[in-house]
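These are my notebook entries from a reading of one protein structure. I record what I looked up, entry by entry.

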Amino acid sequence: MRDDSFHVFDTTLRDGAQREGINLRVSDKLAIAKLLDDFGIAFIEGGWPGANPKDTEFFQRAQQELTLKHAQLTAFGATRRAGVRAADDPQVTALRDSGAPVVTLVAKSDSRHVERALRTTSDENLAMIADTVEHLREHGQRVFVDCEHFFDGYHHDPGHALDVVRTATDAGADVVVLCDTNGGMLPTDITRVVSEVAEATGARLGIHAQDDTGCAVANTLAAVDAGATHVQCTANGYGERVGNANLFSVVGALALKQERDVLPEGCLEEMTRVANAIADLVNLAPDTHQPYVGVSAFAHKAGLHASAIKVDPDLYQHTEPELVGNRMRMLVSDMAGRASIELKAQELGLDLSDDRALSGRVVERVKELELSGYSFEAADASLELLMLEEMGRPVSYFETESWRVITERRPSSGAGLPDSADESLTEATVKLSVKGERIIATAEGNGPVNALDRALRNSMENVFTALAGLELTDYKVRILEGTSGTNAITRILITFSDGVGEWTTVGAGPNVVDASWVALEQAVTYGLLRQGYPQI
């Protein structure tokens, strides 16, 4: 049986879904619940059954479609209404009939909210809490009580706030969660209040921290230090306004820094995969600089760091990235030294460590190209091709004779703003030499880069059949700082996929189409290298 002494409680499907820009379907919620269970979360709050059709459907479908290994589903709802018995309140009935083994009740703990929002008395508020908790407990459900606005309420009227905690505990609530609903507390406030409440009530306490001061993770850890044994978080910190305590940062700190046994064995290394998969499901780009799970969390750029890491990676890393399913990355830039280059080459499967002159040449090439606008931090494929060239192993499958792009605009009306019937046609022609044969190919596309991509690949598909399976998945344009107007230096990043992996190449220059061709040419070349084709 799972140890119940410490709870990791996730509220992504309820509180996290309140983030602006997130709109989850029931199928999304079921998929996220499965991912959180893979991560070993103890409690997954699925939503508010009875409050909206989507959450009601989620709990109905969860009983049929979810087989959870580690987690228990939790239904969220409010205490009964004033003047109504819990047994007669339809909202409480929906919680009781949800099929969830655990219910999280939100209760008012700030007397100002009791008077102004509930429009009732403090005594009736306590009766509402006791009656609802007792009713759900009688029907076999475990109950946690979220004390909304607790810290603000404790500051205003500590007597009523403490009465709420005692009442919930005496009625049978397993955990009373102190909520920083407005997110305005600092760690010192949290430590003091949690310690005082624990001493005054003897209750088992939890923490729910919003991130409005940027302290939600720190506040959560401060509460744990003060005695809380239940933490409520959301995946990637999603939530209303600026968000909630980030589940992955909190779990990383508890498991790796405090060595608490908060997840089942083997689950911690699922952290990065789960974080990115949830980001995909909510249709938000993963935060590249997120602690523990971000792609840049263990990325090193400075040459001084690289020199030390070459001796011992622990010298510049607070933990081993593999423990959370991430990996160390070396970023090669104009800050790079030989150590950076040698470590990056090792990461790419190349060995430059025995040739100081070779690594020195690569350093100089990188610095020279970055001075002209290139950036290799996110373009490993371009960097690998550069290294192979300097090693005397240049990769070549075709030689470019020339290319040309023509864009024709056919307005349907007079001059002025574009009309919906206006039409732009782009045609690209490439002339190549492949295995001694001159090839000319023309293609139309949705803009110059798309047309060039089609023409380039069409010209060689008979020779390299794998080109048909490559896909251009991302195209980024950046106008570099320090330049302006139509004569600005433009950096292009192009990402391709072959269905197995992705790779990115870079081009730069004052002509956006020319820079795009450089990146495109390298992307196709690298794709053919991945497929193992013999070179010309």
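This is a predicted model: local features need pLDDT of at least 70, side-chain atom pairs count only at pLDDT 80 or more; totals for chains, interfaces and linings use all residues.

**Entry 1**

I began with Arg-457, which counts as buried at 12% relative accessibility.

Which residue does Arg-457 form a salt bridge with? I found that the partner is Asp-453, with the closest N and O atoms 2.8 Å apart. Both residues belong to helix H16, which runs over residues 448–460. They stand 4 residues apart, about one turn of the helix. Is Asp-453 buried or exposed? Asp-453 is buried, because its relative accessible area is 4% and the cut-off for buried is under 20%.

**Entry 1: Other salt bridges**

I then looked up how many salt bridges the structure holds, and the count is 31. Side chains of opposite charge can pair when their charged atoms come close.

I looked up Glu-65 next. Glu-65 forms a salt bridge with Arg-61, and their closest N and O atoms are 2.8 Å apart. Why are Glu-65 and Arg-61 separated by about one helical turn? They are 4 residues apart in helix H2 (residues 53–65), which means a separation of about one helical turn. I noted that Glu-65 is partly exposed at 45% relative accessibility. Arg-61 is also listed as partly exposed, with a relative accessible area of 26%.

In helix H1 (residues 26–38) I looked up Asp-38 and Lys-34. Their side chains meet in a salt bridge of 2.9 Å, N to O. Asp-38 and Lys-34 are 4 residues apart in H1, so about one helical turn separates them. Asp-38 is buried, with a relative accessible area of 18%, whereas Lys-34 counts as partly exposed at 35%.

I turned to the backbone. Most residues other than glycine have a negative phi.

Arg-241 is not a glycine, yet I read a positive phi of about 60 degrees for it. Where is Arg-241 placed? I located Arg-241 in the loop between strand E8 (230–233) and helix H10 (247–257). Its relative accessible area is 45%, and Arg-241 is therefore partly exposed.

Tyr-292, likewise a residue other than glycine, has a positive phi near 70 degrees. I found Tyr-292 in the loop between H11 and strand E9 (299–300). Is Tyr-292 buried or exposed? Tyr-292 is buried, because its relative accessible area is 7%, under the 20% cut-off.

**Entry 2: The largest pocket**

I looked up the volume of the largest pocket, and about 1,300 Å³ of space lies in it. The pocket is lined by 36 residues. Which of them are the closest to its centre? I listed Val-295, Arg-329, Glu-377, Ala-378 and Thr-504.

The helices are H11 (271–281), H15 (380–390) and H17 (512–531). The strands are E14 (471–479), E15 (490–497) and E16 (502–509). Which element gives the most to the lining? E14 does, with 5 residues. By class, I recorded 13 nonpolar, 11 polar and 12 charged residues in the lining.

**Entry 3: A nonpolar patch on the surface**

I next looked up a nonpolar patch on the surface, formed by Tyr-475, Val-477, Ile-479 and Val-512. Together these residues have about 320 Å² of accessible area.

**Entry 4: The whole protein**

I closed with the protein as a whole. How many helices and strands does the protein have? I recorded 17 helices and 16 strands. The C-alpha atoms fill a box of roughly 90 × 65 × 45 Å, taken along the principal axes. Of the 536 residues, 51% count as buried. Among the residues I looked up, Arg-457 counts as buried, and so does Asp-453, its salt-bridge partner.

Methods: Residues are numbered from 1 along each chain as its sequence is written. Side-chain values use heavy atoms; hydrogens and water are left out. On a 1 Å grid over the protein atoms alone, a cavity is a set of points where a 1.4 Å probe fits but cannot get out, and a pocket is an open set with protein on both sides within 12 Å along at least five of seven lines; lining residues have an atom within 4 Å of a point. Grid points are joined across faces, edges and corners, and a volume is the space filled by probe spheres set on the points. Helices (H or I, at least four residues) and strands (E, at least two) are DSSP runs, numbered from the N terminus. Ala, Val, Leu, Ile, Met, Phe, Trp, Tyr, Cys and Pro count as nonpolar, Asp, Glu, Lys and Arg as charged, and the others, Gly among them, as polar. Patches are made of residues with over 30% relative accessible area and no salt bridge: like charges are joined within 9 Å, nonpolar side chains (Val, Leu, Ile, Met, Phe, Trp, Tyr) within 5 Å. Accessible areas come from the Shrake-Rupley method with a 1.4 Å probe; for residues, only the protein chains shown count as cover. A salt bridge is a side-chain nitrogen of Lys or Arg within 4 Å of a carboxyl oxygen of Asp or Glu. Buried means under 20% relative accessible area, exposed over 50%, partly exposed in between (1.4 Å probe, protein chains only).
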